[in-house]
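Dear colleague,

I am passing on a structure that I would like you to look through with the notes below beside you.

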Amino acid sequence: MSNNIHKNSSIDTIFRQTSSSQRRTDFRSIQGSASSHNTLASESAKPAEPAEPPICLQVSSLSAGYGRSLILKDVSFCAKQGEITGLLGPNGCGKTTLLRALCRQLPFTGSCLLNGQPLEQMSSRQLARQISYIPQRSGIAISMPVTDVVLMGFNPVLGLLEQPSRAQKEKARDALRAVGMESYAEQDYQTLSEGQKQLCILARTIVEDASLLLLDEPESSLDFPHRHRVMELLTEIIRGQDPSCADGKAALVTLHDPQLALEYCSRLVLLKDGVCTAILHPAADRLSDMEAALSKVYGSVRLRAIEENGRRSLILLPRV
Amino acid sequence: MRTKQRQNAKQNTPPAAQNQDSLQHSQIDRPDSAALHAPVSGGSDSAPRESMQHNPEYKQGVTGALLAWKYKQGITGALLAWKYEESVTGALLAWKYTARHNYTRHSAAPYLTTLLLLAACVLSLLAGKYPLSLEKILAGDAMQLQVLLTLRIPRTLMAVLGGFALGAAGFVFQTVFCNPLAAPDMIGVSSGASAGAAFAILFLPASAAAVTLSAFAGGLLAVGIALGLASAAGSGSIVLAGIAVHSLAQTVLMVLKLTADPERQLASIEYWIMGSLNAITLGRIPFYCAVCVIGLIGLFLLHRQIILLSVDEAEARMLGVPVGQMRLLILLLATLVVASVISVTGVISFIGLLAPHIARLLTRDNRLHTLTLSGLLGGILLTVADILARTAAASELPVSIFTSLLGAPFLLYLIMNGNGGGRHVE
């Protein structure tokens, strides 16, 4: 087990690395998959871990929508610290609506507790400090150096007329180094590729140092290596491996690519027509149960597991 | 002080080997030298430049500067070579850093524009129907001094400040609306001011001060209505509300023109709308200048927020920007700035559009120096246009003719030269 954890330390190899916590559960589930009978969509049925990570975001019976039409109906789930929680489902199932509700851009009913505090009671400045939102494509439309984009992340902690301090600029440079974009620090953001832009926004997220990260389909405009790079960085950021980040972050990510979700997320919330149909733990749940749950959302699909060096990877295929 | 340093250093010029030794630590001395800020890809390749500080040979500096200039690395390259006072290495390094970082290539632009603006000011003080000469003024010619104090100084002041304000406000509008064509008139400033001026010309006792005040009030009223409507209807509708108010003000203006006496009043309404810096006296402008300067200071202080407002609204809000209130505040400040200028000068076209574009083509970013540069370029444009307006023909011409005539070809030249790559707001 410890073997598995220590084997992966290189940040640069894209395809080998997953979170060690994922590997931990991975290992156990392979050992005892026959004996564990987990019920889907049930948090309590999850096998007890030595130290259960604390809950960062607790969403209970959340309903939200645009105008009178209700898009999300009675959704409940939680996101734990140090874990990536994925929101999976077909187009129009309410993934983005859920994120927008959590950003308080939409009125919602039900309760959302962020680190034990009701979301609706927080001031918008508090909210900005605690939640970092990463849109599908960043809405930065004018030219500015990459450094300036990263420095935007300090805005929630800066006064109205205050300028970023020297230490903060140093932090921004560290963050750019962490995502491998340091050599672009002075380049115009608009000249970057989509993948580089997303990395740059991740650097901004690092300096924001928020406890909850909301990402809206971060993979949608990225190529294959960048998809994995972004998800890997995200894993690092929330686990606090990066020195400039405080511990105890959680990420809630909407994803279109189930492959990516099964690879990187500790917990998957499946949505269909605004209803949460199942909550999966890809590392721990039984293959057949997950296949059945995914089939409900995507139409019939096959889920296969490949084992390599004692590590399980899940592959989703369409039914022949 | 600088020459002193040179002399000191000249006396104990360290040998070359010593220079090499001192490279490593001295690099840390200047961490924020933006112009020289190199990517740390190679690591050691940025070290040699630091030796220049320890090897100050005046003549070599000149050679380096000339070399850098010759190899087309531009003014910054030359200045850097000069600054670090070493010949070939200086030039090469200057070439390297300026070539790698296109974006810093024009960082000398603000200084040059300031120089140009000063030159334009001097010319503006001297040129006109009654030409002044420095010698006579210095000799104490009473007539010359009189003209200088009562006519030329207020006029030049208004041209510089007005141009600066229009250029800077144009930058703000384009950035906040993320639209390269955004102009103060989008939310009804100048149409409101025109209607206000027309109202004063028709119904108030004929005096320049009354027209100015009424125009100022008209501009503010129009924007107040637009912003009020927008905040009542929710954010995002500012542009729509602005267009509605703009056309309303145009209609009011049209009705006022219909009722005007075509011989006298209509002519002066038209003349006001075309804009001119004629007949500006020292007594008329202090209030408007003060408002303008206060607004400008506010805008410069809020620069970081202005840039944040250009980001997509949801994203900006999650970055902790109170988008709605901040946008209102910044637009209000920009409006104050524009209204205080055009109520004195009449509508001046094109500067608010042109100056920011030129500035961005030169700097390729939207940092504070781009805002400054927009203002400086606006100041130059208006000052030069005003000089031409009062000297080109026997009678005074509208200044807007010349702002467009001067600015448009320059913008075209910059675009055709591929200088900008059009990577700003498109």
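**A leucine in chain B**

Leaving aside residues up to four places away in sequence, Leu354(B) touches Leu381(B), Gly407(B), Ala408(B) and Leu411(B). Please keep in mind that this is a predicted model. Leu354(B) belongs to helix H18 of chain B, which covers residues 351–363. Is Leu354(B) buried or exposed? Its relative accessible area is 0%, and because buried means under 20% relative accessible area, Leu354(B) counts as buried. Leu354(B) and Phe171(B) are 183 residues apart in sequence, yet their C-alpha atoms are 9.3 Å apart in space.

**Where the two chains meet**

Chain A brings 39 residues to the contact, and chain B brings 32 residues. The size of an interface is often given as the accessible area lost when the parts come together. Between chain A and chain B the buried area is about 3000 Å², and carbon and sulfur atoms give 58% of this area. Which three residues supply more than any other three of the area that chain A buries against chain B? They are Ile142(A), Asn155(A) and Glu186(A), which supply 22% of that area.

In one salt bridge, the side chain of Arg367(B) meets that of Asp148(A), at 2.7 Å from N to O. As for polar contacts between chain A and chain B, the count is 12 residue pairs, with both residues at pLDDT 80 or more. On the side of chain A that touches chain B, the elements that give two or more residues are helix H4 (124–130), strand S6 (131–134), helix H5 (146–151), helix H6 (166–178) and helix H7 (194–208). Sorted by class, this side of chain A has 18 nonpolar, 12 polar and nine charged residues.

**Enclosed elements of chain A**

Strand S8 of chain A, residues 250–255, has six of its six residues buried, so the strand is largely enclosed by the rest of the structure. Both of its faces are covered, with Ala250(A), Leu252(A) and Thr254(A) buried on one side, and Ala251(A), Val253(A) and Leu255(A) buried on the other. Which strands pair with S8(A)? Strand S3 of chain A (residues 84–88) runs parallel to S8(A) and is joined to it by five bridges, and here Leu88(A) stands opposite Leu255(A). Strand S7 of chain A (residues 212–216) also pairs with S8(A) in the parallel sense, over five bridges, and Leu215(A) has Val253(A) as its bridge partner.

Helix H3 of chain A, residues 95–102, has six of its eight residues buried, so this helix too is largely enclosed by the rest of the structure. The buried residues of H3(A) are Lys95(A), Thr97(A), Leu98(A), Leu99(A), Ala101(A) and Leu102(A). After H3(A) comes Arg104(A), whose phi is positive, near 60°.

**Two further positive phi angles**

Asp209(A), although not a glycine, has a positive phi of about 60°. Asp209(A) lies in the loop between H7 and S7 of chain A, and at 32% relative accessibility it counts as partly exposed. In chain B, Cys178(B) is not a glycine either, and its phi is positive at about 55°. Cys178(B) sits in the loop between helix H9 (142–176) and helix H10 (189–203) of chain B, and with a relative accessibility of 24% it counts as partly exposed.

With best wishes

Definitions and conventions: Residues are numbered from 1 along each chain as its sequence is written. Chains are lettered from A and ligands numbered from 1 in the order in which they are written. This is a predicted model: local features need pLDDT of at least 70, side-chain atom pairs count only at pLDDT 80 or more; totals for chains, interfaces and linings use all residues. Side-chain values use heavy atoms; hydrogens and water are left out. Contact means heavy atoms within 4.5 Å. Buried area is the accessible area (1.4 Å probe) that two parts lose on being put together, summed over both. A salt bridge is a side-chain nitrogen of Lys or Arg within 4 Å of a carboxyl oxygen of Asp or Glu. A polar contact is a pair of N or O atoms within 3.5 Å; within protein, one must be able to donate a hydrogen and the other to accept it, and residues adjacent in sequence count only if both atoms are side-chain atoms. Helices (H or I, at least four residues) and strands (E, at least two) are DSSP runs, numbered from the N terminus. Ala, Val, Leu, Ile, Met, Phe, Trp, Tyr, Cys and Pro count as nonpolar, Asp, Glu, Lys and Arg as charged, and the others, Gly among them, as polar. Buried means under 20% relative accessible area, exposed over 50%, partly exposed in between (1.4 Å probe, protein chains only). Two strands pair if DSSP finds at least two bridges between them.
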